[in-house]
Amino acid sequence: MSTGKSDEAAILIDGVAVPVRVRRSARARAYKLSLDAARGELRLSLPARASLKRALGWAQGHEGWVRAQMAARPAMATLRDGAVFPLEGRDVRICWTPGASRTIRLEGDRLLLGGAEESVGARVLRWLKGRAKAVLESETRELAAQHGLAVASVGVGDPRSRWGSCASNGTIRYSWRLILCPPEVRQATVAHELAHLIHMDHSPAFHAAHARLLGRDPRPARAWLRAHGAALHRFVG
């Protein structure tokens, strides 16, 4: 269980102070350093009673690892005219035309729109979230109905550390960024959350239910998200 306290500190990378978000946890048994690639945030977790000074000294000793992780972090990509982004696993280019309708239209591998150029990013982002909500709700309710499962509601958000969540009351939420993934990856996530309506854990019984609901082995989809999921967080409006 976390103590709920989060503090800011810093370590030096090539002589430059890099902020570190420090998190104490009653569950932690050792120091752990991680980098949130989407936010560019360096995080250090440590046991609740551990010495912060020693933990920061340990983190400083991993300067090379931090440097390599920061260098490998995907560059942020703004959803503007000419930008290319993945939509359901295929590349789509944003094509803004002065004087054209504000209404966004998908034609082949082009996303067409007019309106104010400065609002292109925000409008494309809203369009993507709306499409994600519609597709994910449709797929969730259809699969739930096939297996006699009760879903209370389906929503989307932009969590950084998970692709979906399921409450015991049947409330399911997804990352809208699943609409950027290939359909088979999105569908595996839908089956994963629905499987939690049967088993609210990650036991062998849960994994068996996940595969049964999906109708195939979900491991390739999990591998795809591990390999490519972090890069999907680089797209901003």
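Visitor: Which residues does His192 touch, not counting residues up to four places away in sequence?
Guide: The model is a predicted one, and in it His192 belongs to helix H4, which spans residues 183-195. With sequence positions up to four places away left out, the residues that His192 touches are His202, Phe206 and His210.

Visitor: Is His192 buried or exposed?
Guide: The relative accessible area of His192 is 19%, and the cut-off for a buried residue is under 20%. Because 19% falls under that limit, His192 counts as buried.

Visitor: Which side chain makes a polar contact with that of His192, and at what distance?
Guide: Among the residues that His192 touches is His202. The side chains of these two residues are also joined by a polar contact, for which the cut-off is 3.5 Å between N or O atoms, and the partner and distance are His202 and 3.4 Å.

Visitor: How are the axes of H3 and H4 oriented to each other?
Guide: Helix H3 covers residues 120-146, and its axis comes within 10 Å of that of H4, the two crossing at roughly 55 degrees. Angles from 65 to 115 degrees would count as roughly perpendicular and those under 35 degrees as roughly parallel, so H3 is described as oblique to H4. The hand of this crossing is right-handed.

Visitor: What is the order of the three strands in the open sheet with mixed pairing?
Guide: Strand E10 (residues 153-157) runs parallel to strand E12 (residues 171-175), and five bridges join them, with Gly157 having Ser175 as its bridge partner in E12. Strand E11 (residues 164-166) pairs with E12 in the antiparallel sense over three bridges, and here Cys166 stands opposite Ile172. E10 and E11 are the edge strands, each pairing on one side only, and the order is E10-E12-E11.

Visitor: Which residue in the turn between E11 and E12 has a positive phi?
Guide: E11 and E12 form a hairpin, and four residues lie between the two strands. In that turn a positive phi of about 95 degrees is found at Gly170.

Visitor: Which strands of the sheet does H4 touch?
Guide: H3 lies across E10 and E12 and runs at about 150 degrees to E10. H4 also packs on the sheet, where its direction makes about 150 degrees with that of E12, and the strands it touches are E11 and E12.

Visitor: Which residue in the hairpin of E8 and E9 takes a positive phi?
Guide: Strand E9 (residues 110-113) pairs with strand E7 (residues 90-96) in the parallel sense over four bridges, and Trp96 has Leu113 as its bridge partner in E9. Strand E8 (residues 105-107) runs antiparallel to E9, to which three bridges join it, and Glu107 stands opposite Arg110. Two residues lie between the strands of this hairpin, and a positive phi near 60 degrees is taken by Gly108.

How values were computed:
Residues are numbered from 1 along each chain as its sequence is written. This is a predicted model: local features need pLDDT of at least 70, side-chain atom pairs count only at pLDDT 80 or more; totals for chains, interfaces and linings use all residues. Side-chain values use heavy atoms; hydrogens and water are left out. Two strands pair if DSSP finds at least two bridges between them. Buried means under 20% relative accessible area, exposed over 50%, partly exposed in between (1.4 Å probe, protein chains only). A polar contact is a pair of N or O atoms within 3.5 Å; within protein, one must be able to donate a hydrogen and the other to accept it, and residues adjacent in sequence count only if both atoms are side-chain atoms. Contact means heavy atoms within 4.5 Å. Axes are lines fitted to C-alpha atoms, for helices over the stretch in contact, and angles run from 0 to 180 degrees between N-to-C directions. Angles under 35 degrees count as roughly parallel, over 145 as roughly antiparallel, 65 to 115 as roughly perpendicular and the rest as oblique. A crossing is left-handed if the near helix is turned anticlockwise from the far one by less than a right angle, and right-handed if clockwise.
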